[in-house]
Amino acid sequence: MNLDRLRTLHAVARHGSVSGAAEGLHVTTSAVSQQLAKLERETGQQLLAKNGRGIRLTDAGRLLSDHAARILSQVELAQADLEAQRGHAVGELLLGAFPTAVRGLFPDALSRLRTGHPQLNARLQEMEPDESVPSVVRGDIDLAVVLDWYNKPLPMPGGLVKAALLDDPVDVAMPADHPLADRRAVEPEDFVDDEWISWPKGGFCYDWLMVTLRGKGIEPRIRHTAHEHHTQLSLIAAGLGIAVVPRLGRGPVPQGVRMVPVSQPTMRRHIYAIWRADADRRPSIRAAVEVLRSVGEKIID
């Protein structure tokens with residue numbers, strides 16, 4: 001059985017559709033269908049069946065997909081061992097990271113990887129942790145940079161390795177004419193009567209803000225929401241509310257905005273890298289983690 005065809009079947013099982021498998025494999029739906037048809041001829045078994053407007057795996061398809069997952073894992077282990085034996089980072093490394101890490105860590109990190117490991121082809125995709133963690137598990141990317149908060153851990157599936165990169169402190173951003181703008185430090189409890197600008201509802205960081213403020217007896221009044229911190233800061237500059245803003249990837253603070261540190265040292269984000277345990281010996285993974293840590297240490301300093 002052809003390995004690429006097993007990989008295609010496994011992708012269909014993971015994504016639940018031919019179109020999803022095609023997107024995950026970066027090929028056309030026609031190419032996926034052709035690979036599956038050839039695999040059915042090779043095995044002499046029907047592997048897919050129609051299910052309404054979609055498809056489902058037959059019993060034989062599920063059986064072979066389970067074997068394909070184990071086979072592909074062994075192939076990855078073999079590749080990792082071969083790369084480890086060569087002793088230096090080579091080949092392709094697919095990376096994913098949330099937006100502020102992309103902006104704050106990766107321009108410098110990717111430049112260092114290119115200079116220090118010229119045979120390594122690192123490729124970066126911007127994605128939130130709820131997308132990047134499953135992508136690492138599925139093998140769509142090799143390494144992801146993710147985050148959680150000091151009081152809200154990010155759920156992590158088994159079979160992954162993680163390494164701390166840096167802790168990211170937060171400040172409260174407020175209009176320059178806010179009564180607390182001249183403070184050296186503030187507490188969340190100081191803003192009981194303020195209107196907040198937050199991440200969009202339903203996101204991991206929005207949930208963290210709600211848990212944190214409500215845990216301090218504050219029922220936050222969320223007036224505006226925006227994904228990006230620089231958008232939040234623009235709204236604050238217009239006098240439209242306050243926000244908690246991490247320092248990583250923040251960029252220039254607009255005129256009319258005052259950043260005041262939070263006095264609680266624990267109120268920060270934990271930034272770390274994750275990858276599959278079966279790829280743990282790859283020098284390219286180790287090189288990426290080392291560079292990301294080095295860039296993170298420079299940011300902290």
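**Figure 1. Domain 1 and domain 3 of the predicted model, with C-alpha centres 46 Å apart.** The model shown here and in the other views is predicted. The domain assignment gives domain 1 as residues 3-83. Along its principal axes, the C-alpha trace of the chain spans about 75 × 50 × 30 Å. The chain holds ten helices and eleven strands. Of its 301 residues, 45% count as buried. Among contacts with a separation of 6 or more, 75% join residues 24 or more positions apart.

**Figure 2. The crossing of helix 1 and helix 2.** Helix 1 runs through residues 3-15, and helix 2 through residues 18-25. Their axes come within 8 Å and cross at roughly 120 degrees. The crossing is right-handed. On the helix 1 side, the contact is made by Arg-7, Thr-8, Ala-11, Val-12 and His-15. Helix 2 contributes Gly-20, Ala-21, Gly-24 and Leu-25. By class, the contact has four nonpolar, four polar and one charged residues.

**Figure 3. Thr-8 in helix 1.** The cut-off for buried is under 20% relative accessible area. Leaving out residues up to four places away in sequence, Thr-8 touches Leu-25, Val-32, Gln-35 and Leu-36.

**Figure 4. Leu-9 and its surroundings.** Leu-9 also sits in helix 1. With a relative accessibility of 0%, Leu-9 counts as buried. Its contacts beyond four places in sequence include the leucines Leu-36, Leu-39, Leu-47, Leu-57 and Leu-64. Gly-61 and Ser-65 are in contact with Leu-9 as well. Leu-36 is also touched by Thr-8. Val-32 lies 23 residues along the chain from Leu-9, with 8.5 Å between the two C-alpha atoms.

**Figure 5. Asn-2, in the segment before helix 1.** Asn-2 is partly exposed, with a relative accessible area of 28%. Glu-42 is 40 residues away from Asn-2 in sequence. In space, the two are 8.7 Å apart, C-alpha to C-alpha.

**Figure 6. The buried and exposed residues of helix 6.** Helix 6 spans residues 106-116. Its buried residues are Phe-106, Ala-109 and Leu-113. They cover an arc of only 65 degrees around the axis, which puts them on the same side of helix 6. On the other side, Pro-107, Arg-114 and Thr-115 are exposed.

**Figure 7. Helix 7 and the strands against which its buried residues pack.** Helix 7 spans residues 129-138. Pro-129, Ser-132, Val-133, Ser-135 and Val-136 are its buried residues. Their arc around the axis is only 160 degrees, so they lie on the same side of helix 7. These buried residues pack against three strands: strand 5 (143-149), strand 6 (160-175) and strand 11 (268-276). Gly-139 follows helix 7. The phi of Gly-139 is positive, near 90 degrees.

**Figure 8. Met-210 in helix 8.** Helix 8 comprises residues 204-215. Met-210 has a relative accessibility of 5% and therefore counts as buried. Apart from residues up to four places away in sequence, Met-210 touches Pro-220 and Ile-222. Ser-198 is twelve residues from Met-210 in sequence. The C-alpha atoms of Met-210 and Ser-198 are 9.7 Å apart.

Notes: Residues are numbered from 1 along each chain as its sequence is written. This is a predicted model: local features need pLDDT of at least 70, side-chain atom pairs count only at pLDDT 80 or more; totals for chains, interfaces and linings use all residues. Side-chain values use heavy atoms; hydrogens and water are left out. Helices (H or I, at least four residues) and strands (E, at least two) are DSSP runs, numbered from the N terminus. Contact means heavy atoms within 4.5 Å. Domain bounds come from an automatic or database domain assignment. Axes are lines fitted to C-alpha atoms, for helices over the stretch in contact, and angles run from 0 to 180 degrees between N-to-C directions. A crossing is left-handed if the near helix is turned anticlockwise from the far one by less than a right angle, and right-handed if clockwise. Ala, Val, Leu, Ile, Met, Phe, Trp, Tyr, Cys and Pro count as nonpolar, Asp, Glu, Lys and Arg as charged, and the others, Gly among them, as polar. Buried means under 20% relative accessible area, exposed over 50%, partly exposed in between (1.4 Å probe, protein chains only). The arc is that of the directions from the helix axis to the C-beta atoms.
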